[in-house]
Amino acid sequence: MTRHLILGMGVAGIAAAESIRATESGAEIVLVGDDPFGYYSRPGLAYYLTGEMVEKQLFPFTTADFQRLNVRYVKGRTTKIFREEHQIEVDGKNRVSYDRLLIAVGAQAVRLTIPGTDLEGVVKLDHMADARHIQQLARRTRRAVVVGGGITALELVEGLVAQRVKVTYLLRGDRYWNNVLDEHESRIVEKRLEEEGVELIHHAELTEVLGKRGRVDSIRLLDGRTIKCNLLAYAIGIQPRVELAKDAGLAVDKGILVDEHLQTNDPDVFAAGDVAQAYDPLTGRSIIDSLWGPAREQGRVAGLNMAGRKTAYLKSPPFNVTRLAGLTTTIIGAVGRGGRDDDLVGIARGDSETFRSLPDAISAQSGFDVNHLRLLVGEKTLLGALVMGDQTLSIPLQKMIAGKADISPIREKLMAHDVKIADVVVEFWKEWSRNFVVT
Amino acid sequence: MGFKNLFRHETTRHRALSTGQVVPDSARCVQCGICSFNCPIGIDVRRHAWTGEAVVNSRCLTCGECIARCPRGVLRFAHTDLFAEAAK
Ligand SMILES: Cc1cc2nc3c(=O)[nH]c(=O)nc-3n(C[C@H](O)[C@H](O)[C@H](O)COP(=O)(O)OP(=O)(O)OC[C@H]3O[C@@H](n4cnc5c(N)ncnc54)[C@H](O)[C@@H]3O)c2cc1C
């Protein structure tokens, strides 16, 4: 009987266990996880902070589900991999052996490294324990400062506002998420935050956290300004947890390098999810996707390969849905302007590198404040789209982009001034979806 | 309370109040569970979003609460298209 050992009980690990079980009903599956809360929805933590969700509802799997999966769960931190012996070490003592190993230990928040970060009241949002901690602190916090770019920082802002904390949001650059959103979109988000009472400070460089009796009392900016606050929340990027793999001599770049079968340079060791940097046969590049959807799909495919069913992981066109200042936003394909985000030192959480690959495209857009649509128009096809607010068009656009719909007939119209591109897209979609089989 | 404007539901409910079923787009789902949490009769909608199956449940009121609450537009309401099924 083959023993499959899965390190990390996140979505990648769970998806792998499911596909191994479906393929090899008799296999032994062991999951090793160090999160005291087990498997829960990490993106859901943001909604827990806003009060839209209660903690006990964040767990997608019940005990019965785990029983059905027939997995053994070892609670503990994997501290070493012994590839020669086909064993791992848990909590520095117990050893567990494997035939096939999956490393799915995810990524973690990059730590802030300025003076004062050890004070009580300096927080990040990575795990359930962090979310709980923030909630507890927020109850006795009147003023908070949030620093960082991207989705997680904004979720921290929204969560704290929901807990009636007065928030000052620091941005290094001149606008929010400037390498993915365009100027107009950044302003939509910022304006909505301001309407909720958030104070935004641009070109702000945090240099120090100042404390009183062990707790945060204020922060200092490079220009000398200080801001009173009892809480500093940061989200400045994430880092794949590659140490285990590196120590074991596996090939590592930013993440653990795997081929299209999610296999590392050791044929019995696989990697999936936020920790993996997967080879994409279509572009020839190795890419990190720190998103829930790809983590699940990579886990699924890794599981199939571990169970002996050779399957390639084919990256779907980059795609993410998120909520920015209350607006559901779908990002499809390449929409960013490339370059890096000054507010992040690590990888952006909930990000795909591909969003920022600079496309050979011209941008067309329409819409007002709440319903906003931006298209990246290539020579013959749409290369990307950003849909903010009303999501009616996001599924058609997803299909048109994935299906490389020939948009020559409407290209000129899309580029024209004062045209409602949403209407043009709808008309085109009606015709296109009638003539093509859309799955 | 100021923040409620941020989470105003964008989906209009009347669209859901008709015959048909709730259909998930699994690729959008992050299993946060807001849908199940808000289902007035306790259907585990999140499970449907994980497996990709439509909510075919005679108890479903088609009230549209899960659709409206989902922060990521995972769920939509599809009319039960009997003719399309028959044509397959
Ligand atoms: C606040 C927040 C919001 C997010 N929002 C979105 C979003 O809107 N959309 C989106 O697509 N993605 C979002 N993400 C990202 C998404 O959660 C991740 O992409 C996804 O969880 C990755 O899954 P994974 O299984 O690879 O890793 P993880 O979920 O990180 O799971 C890895 C597991 O391994 C465990 N582990 C780590 N080291 C060890 C060890 N040595 N031994 C044993 N166990 C170990 C960890 O405790 C963890 O349980 C968000 C993340 C956070 C934190």
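The model is predicted: local features require pLDDT of at least 70, side-chain atom pairs count only at pLDDT 80 or more, and totals for chains, interfaces and linings use all residues. Residues are numbered from 1 along each chain as its sequence is written, chains are lettered from A and ligands numbered from 1 in the order in which they are written, and side-chain values use heavy atoms, with hydrogens and water left out.

**Stop 1: the ligand**

Select the ligand, which lies between chains A and B. Display next the 32 residues around the ligand, where "around" requires a heavy atom of the residue within 4 Å. Those that come nearest are A:Asp34, A:Arg42, A:Thr78, A:Asp274 and A:Trp292. By class, this shell holds 13 nonpolar, 9 polar and 10 charged residues; Ala, Val, Leu, Ile, Met, Phe, Trp, Tyr, Cys and Pro count as nonpolar, Asp, Glu, Lys and Arg as charged, and the others, Gly among them, as polar.

A polar side-chain atom of A:Arg42 is 2.8 Å from an oxygen atom of the ligand. A polar backbone atom of A:Thr78 lies 2.8 Å from a nitrogen atom of the ligand. From chain B, an N or O atom in the side chain of B:Arg72 is 2.9 Å from an oxygen atom of the ligand. The protein buries 97% of the 990 Å² that the ligand exposes when taken alone (Shrake-Rupley method, 1.4 Å probe; for residues, only the protein chains shown count as cover).

Helix H1 (11-23), strand E2 (28-33) and helix H8 (292-306) of chain A are the elements that give two or more residues to the shell. Domain 1 (3-108 + 238-306) and domain 2 (122-234) of chain A each supply at least three residues to the shell; the bounds come from an automatic or database domain assignment.

**Stop 2: two loops of chain A**

Select A:Thr311, in the loop between H8 and strand E22 (319-324). The side chain of A:Thr311 reaches the backbone oxygen of A:Arg309 at 2.9 Å. Leaving aside residues up to four places away in sequence, A:Thr311 touches A:Glu260, A:His261, A:Val301, A:Leu304 and A:Asn305 (contact: heavy atoms within 4.5 Å).

Move to A:Gly249, in the loop between helix H7 (243-247) and strand E18 (256-258) of chain A. A:Gly249 counts as partly exposed because its relative accessibility is 45% (buried is under 20%, exposed over 50%, partly exposed in between; 1.4 Å probe, protein chains only).

**Stop 3: helix H9 of chain A**

Select residues 394-402, helix H9 of chain A, in which A:Ser394, A:Pro396, A:Leu397, A:Gln398, A:Met400 and A:Ile401 are buried. These buried residues pack against several elements of chain A, including E22 and helix H11 (421-435). After H9(A) comes A:Lys404, with a positive phi near 45°.

**Stop 4: chain B**

Show chain B, which has 4 helices and 2 strands in the order β-α-α-α-β-α. Of its 88 residues, 47% count as buried. Chain B exposes about 4,800 Å², of which carbon and sulfur atoms supply 55%.

Notes:
A polar contact is a pair of N or O atoms within 3.5 Å; within protein, one must be able to donate a hydrogen and the other to accept it, and residues adjacent in sequence count only if both atoms are side-chain atoms.
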